[in-house]
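Subject: Structure for you to look at

Hello,

Here is the structure I promised to pass on. Please open it beside this email and follow along.

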Amino acid sequence: MEFLDGIRGVAAFLVVIEHTAEAWVPGYTQWSIDTVNIGRVGIVAFFMVSGYVIGLTLSHQPVRTFAIRRFWRLSPIYWLATIIWVLVDLPDTDPSSSYSLFVIAVNVTMLQGAIPGLVGILGPAWTLGAELLFYVQTAVAKQANVLRGSVYLG
């Protein structure tokens, strides 16, 4: 289903356009608030298509295989990006607000959004927590046969 990858690509590009315009176009943020925030449109489209793809993918493999593949698809690059960001940001960080081991540990799990007030090291990574939650709820539903007869399980 290459067209779904295309939709996700366009959705991700809308988010990039939104952030770029916020940074470089004076008055864009207010215009975006007053009219349409294309970044949010991109996020919603990406999540909707991804939700369908996740369910479809999960329907063709055991939950264990799905979980292992998702882990290796997301975690290594996320961990690398987090490490690079901490190393780059650390010299510029106020020592009184530097990253604690607890903050780093929770960010490594991608669950920083689950703890109110916890610092997210990589801002855009908030989506990963939502994605993980969807993986878990979809896998639990499959295991419980709640999705029987749906598009997900054919």
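Below is what was found in it, feature by feature. Keep in mind that this is a predicted model.

Start with charge pairing. Side chains of opposite charge can pair when their charged atoms come close. How many salt bridges does the structure hold? It holds one. The partners are Arg8 and Asp5, whose side chains meet at 2.9 Å, N to O. Both residues sit in helix α1, which covers residues 2–24. They are three residues apart, about one turn of the helix. Arg8 has 16% relative accessibility, so it counts as buried, because the cut-off for buried is under 20%. Asp5 has 46% and counts as partly exposed.

The crossing of α3 past α6 is right-handed. On the α3 side, the contact residues include Phe47, Gly51 and Ile54. On the α6 side, Trp126, Ala130 and Phe134 are among them. What is the contact made of, by class? Nine of its residues are nonpolar, five are polar and one is charged.

Last, look at Met110. Where is Met110 found? It is in the loop between α5 (101–108) and α6. Is Met110 buried or exposed? Its relative accessible area is 4%, so Met110 is buried.

Best wishes

Technical notes:
Residues are numbered from 1 along each chain as its sequence is written. This is a predicted model: local features need pLDDT of at least 70, side-chain atom pairs count only at pLDDT 80 or more; totals for chains, interfaces and linings use all residues. Side-chain values use heavy atoms; hydrogens and water are left out. A salt bridge is a side-chain nitrogen of Lys or Arg within 4 Å of a carboxyl oxygen of Asp or Glu. Helices (H or I, at least four residues) and strands (E, at least two) are DSSP runs, numbered from the N terminus. Buried means under 20% relative accessible area, exposed over 50%, partly exposed in between (1.4 Å probe, protein chains only). A crossing is left-handed if the near helix is turned anticlockwise from the far one by less than a right angle, and right-handed if clockwise. Contact means heavy atoms within 4.5 Å. Ala, Val, Leu, Ile, Met, Phe, Trp, Tyr, Cys and Pro count as nonpolar, Asp, Glu, Lys and Arg as charged, and the others, Gly among them, as polar.
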